[in-house]
Amino acid sequence: MNHYGVKLAAGALAAVITFSGLHIDVMASDKVTSVLPSGGVNLFLVKDTSLESLQTSQTGAESKIEASVTVADIQEVMNAASAGTQAPEEDLFRNLVIAQVNRYVNIRSLPSEQGEVLGKLYDNSVGTLIAEENGWYLITSGTVTGYVKAEYCVTGESAVELAREVGSRMATVNTTTLYVRTEPSIDAPRLGMVPGGEDFLVLDETDDGWVMINMEEGDGWVSGDFVDIRTEFVEAESKEEEEARLAKEAEARRKAQEAARASQAAQAAQQQQAPVQTPTQSTNYTVGEGSELGVAVAEYALQFVGNPYVYGGTSLTNGADCSGFVMSVYANFGVSLPHSSKSDRSQGYAVDSLENAQPGDLICYSGHVALYIGNGQIVHASNSRTGIIVSNVNYSNKKILAIRRIF
């Protein structure tokens, strides 16, 4: 059984309280084509959360917004929050607005295509419905409040099932290390161990507090006392946030490229003075096409196929875990990455689809990270049984949470 808090519903009601009966700026949107932004996620449905107030920006145009819920509705949600009761999943999802477009739909300052573009609601991203007006939805999503064209979004009953598809139920380990068991019982055999702070995809939850997560060794159970559970959705990105993100990503890419070239030059000079024998890439694996640096990363990583997996390790020869492997491969190119599969989900910049992935890209799964080598394959430190191996990118029907490019 899934348990959801009242944060989303309360936020929607707070938005209505804020706007009802006031004259304010509002926003609108139309369908456009672009690439997805970062793999970061902004909106959470979490357990035991309190009401939040809604902050909005003023633009200058004015429009009367009518309340979409009653005072009784507001009081009901507030009473539920104070009593610690849980709103049903359907009630929370029914108030979402979910974009269904090729790339994104604009969020505008007026319910018209002549309104100023304030941000973007990307495909499968969500907002909270405030009101409906002449074929436009007034929503709040992330830091953006404005109008989106209703024809490019779904809400109400249509949003309930879709929300389960586009949202990711995630569990974050809140203790140092945590055993994963084959059954929801402390007496069940151990399947493996996971580190604190890591995120895992939730597959199931029991009434007595056990949570099934997806990890590299397979699907196993952990006690709900040692994980924080939430449902993640991607939210809108404001115009200012997009500009800042693109600038930050461009600077990070420039620095990574400079570091890689400097590292390669230093290694070449060192080898000229004292040639070093390095492992040769196996002829069984073919690296696909991509950037020069990305291909070099993939080729370098393949040299270590067959070496052992070691939990917490970072040695490419004596043993590494998944993020330790990725970290050490990129360290050879002068790039510093975190020793955390969760943190790897926010490194570099986002690649919008597997079809656009290139060698050297980070493929991020539930509690796992790998390096793409092209042609639908990855190289990764899989687990203690298999070590560092090459697999199909969709091995064991693993769900890809993010694809990140460093160079």
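Tutor: Let us begin with a network. In this predicted model, Asp 199, Arg 230, Glu 232, Lys 342 and Arg 345 are linked by salt bridges.

Student: What qualifies as a salt bridge?

Tutor: The criterion is a side-chain nitrogen of Lys or Arg within 4 Å of a carboxyl oxygen of Asp or Glu.

Student: Why does the pair of Asp 199 and Arg 230 tie together separate parts of the sequence?

Tutor: Asp 199 belongs to strand S15 (residues 199–205) and Arg 230 to strand S18 (residues 227–233), so their contact joins parts that are 31 residues apart in sequence.

Student: Which other partner does Arg 230 meet in a salt bridge?

Tutor: Arg 230 also pairs with Glu 232, at 2.6 Å from N to O.

Student: Are Glu 232 and Arg 230 buried or exposed?

Tutor: A residue counts as buried under 20% relative accessible area. Glu 232 is buried because its relative accessibility is 7%, and Arg 230, at 11%, is likewise buried. Asp 199 is buried too.

Student: How many salt bridges does the structure hold?

Tutor: There are 19. Another of them joins the side chains of Arg 405 and Asp 361, 2.9 Å apart from N to O. This pair links distant parts of the chain, 44 residues apart: Arg 405 is in strand S27 (residues 402–405), while Asp 361 is in the loop between strand S22 (349–350) and strand S23 (362–365). Both Arg 405 and Asp 361 are buried.

Conventions:
Residues numbered from 1 in each chain as written. Predicted model: local features only at pLDDT ≥ 70, side-chain atom pairs only at ≥ 80, totals over all residues. Heavy atoms only, no water. Helix = DSSP H or I, 4+ residues; strand = E, 2+ residues; numbered from the N terminus. Buried < 20%, exposed > 50% of the residue type's maximum accessible area, 1.4 Å probe, protein only.
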